[in-house]
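Good morning, and thank you for making time on the agenda.

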Amino acid sequence: MPTGSTEAEPAPEQDREALKRHRVLFRAVARRKNPKLRRTDITVTDERVVKRAVKAAALGNAMEWFDFGIYSYLAVTIGAVFFPGGSGTTQLLSSFATFAVAFLVRPLGGAYFGPLGDRIGRKKVLALTMIMMALGTLCIGLIPSYATIGFWSPVLLILFRLIQGFSTGGEYGGASTFIAEYAPDKKRGFFGSFLEMGTLIGYTGAAGIVLLLNTTLGDEAMLNWGWRLPFLIAGPLGLVGLYLRVRLDETPAFQKFEAAHTHSAGGSAVEAEAEFSHLSENAPKKKISEIFSQQWPTLILCIALVGAYNITDYMLLSYMPTYLTDTLHYEESHGLLILLGTMAVLMCVLSTVGKLSDHYGRKPLLMTGMVGFFVLAIPSFLLVKQGSVPAVCAGMALLGLSLVCLLGTMSAALPALFPTNVRYGSLSIGYNLAVSLFGGTTPLVITALMDVFDKNVMVPAYYTMGAALVGVIAVACMKETAQQPLEGSPPSVATKEEAVELIEAQTAEPRF
């Protein structure tokens, strides 16, 4: 198997020959240094191929989160279109409840797509989730309003939100696994940060389009037909994401795992059956059983990390525009403009945070983000409460700086928690259980709590602090994985010189 060129289109002949020579060199060095390292298999990545893989995963992720972001930024409008009865608060609660519905089925999507990705490959499953998300979002844009078909309008909305949620259940775990298994060990944080760059691009694109439509069309046109336009864009965007993903081969780590388990044994029928057991019809059930029986401590850690991370993430990137509009009575366009500026700043520093996590470790960056939210939540919301543009921007900036420490690190830290054979499945199940219970319900829970506590504008700060405290404990319990090979995968390096150094380090003669 080529160690770096994994694109569907054939690599140039000179690239293939160079990679072949590199593999022969490393094996020769290993054998010369130490006969025990005859089976050493160091993956030497081709940076061009890694960048194409990262681009495909990140842009596909951007398409998915563009689709998801549209709904959160149009929550007030959707509430009026699909739930016209009742007060404004009731409409908003109904809209956020429908938003949360998609998260209820995300664990089911993760439990289905995750083990499937460990069985048939990451690439095929990521293409399938891309298609489902695009279709679900497109269909939302085609639903007749409540005034046209009555009760069936919110029913159809919930149905297509369920399709969105089910498909998204296989997205983050697969995309982060895809990048982590392509990237060299010492640059996994840097390349992994681009996955969250895709998330921010998706959210920014959604917020930008909604802002443009609100500004140019006005409230009446948006209620009548303008809200449909962002959803209808999802079809063409989904095709772009699908094209990018199908052009790549499987990750080197999965290909090596697959080759190790499907080579011809030439033994007994029992040996052959064991050899190909991961391809059997019962394989997904076996994978899920293995995840819960063998990986449960790490699964709990993953849920705690992701729960804290997603509460802070959805609070800032999804709920905050509604908070500014519905609670502080900001104009919707002003709230979106401030959020767009915040996300633009986050995108500028995101890759730098990824590099820092490679150099200093995942835990210091994650701990900085969690402690930042715990300490700065109250000052940030007090600033936002002041209402002036500088004060709101300063409060959002404090929250954003804490969030970027998590955004730039989490996509590299989470895949490293699990071994290759169950990585996609374990991460998808753990991630989506946490998102379902804590992340997607954040706007709904905060809105409901504020209603209970007489519109207390500090409720989001207290909720964020509780999540951050859980995150601090979880980060303290996790192992450091920066600059280390993924569990169950061989070392992955960026250059042949790095591979030779690694072999020499492994075979250094002991000193007495």
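Predicted model: local features only at pLDDT ≥ 70, side-chain atom pairs only at ≥ 80, totals over all residues.

Asp 118, Arg 122, Glu 181 and Arg 423 are joined in a network of salt bridges, a salt bridge being a side-chain nitrogen of Lys or Arg within 4 Å of a carboxyl oxygen of Asp or Glu. Residues are numbered from 1 along each chain as its sequence is written, and side-chain values use heavy atoms, with hydrogens and water left out.

Between Asp 118 and Arg 122 the N to O distance is 2.9 Å. Glu 181 also bridges to Arg 122, with the closest N and O atoms 2.7 Å apart. This second pair links distant parts of the chain, since Glu 181 belongs to helix α9 (residues 171–182) and Arg 122 to helix α6 (residues 122–140), 59 residues apart. Helices here are DSSP runs of H or I with at least four residues, strands are runs of E with at least two, and both are numbered from the N terminus.

A search of the whole structure returns 5 salt bridges. One of them joins Arg 188 to Asp 185, at 2.4 Å from N to O; both of these residues are buried.

I turn now to the packing of α9 against helix α20 (residues 423–439). Their axes come within 8 Å and cross at roughly 140 degrees; axes are lines fitted to C-alpha atoms, for helices over the stretch in contact, and angles run from 0 to 180 degrees between N-to-C directions. The two helices are therefore oblique to each other, given that angles under 35 degrees count as roughly parallel, over 145 as roughly antiparallel, 65 to 115 as roughly perpendicular and the rest as oblique. Among the residues making the contact are Glu 181 of α9 and Arg 423 of α20, contact meaning heavy atoms within 4.5 Å. Tyr 172 and Thr 177 of α9 also take part, as do Leu 427 and Tyr 431 of α20.

Returning to α6, Lys 124 lies in this helix. Lys 124 counts as exposed because its relative accessible area is 56%. The C-alpha atoms of Lys 124 and Asp 249 are separated by 9.5 Å, although the residues are 125 apart along the chain.

One backbone detail deserves mention. Most residues other than glycine have a negative phi. Gln 483, however, has a phi near 65 degrees, a positive value. Gln 483 sits in the loop between α22 (459–477) and β2 (492–493), and its relative accessibility of 39% is why it counts as partly exposed.

Finally, the overall picture. The protein has 23 helices and 2 strands, and 55% of its 512 residues count as buried. Of the contacts with a separation of 6 or more, 84% come from residues 24 or more positions apart.

How values were computed. Buried < 20%, exposed > 50% of the residue type's maximum accessible area, 1.4 Å probe, protein only.
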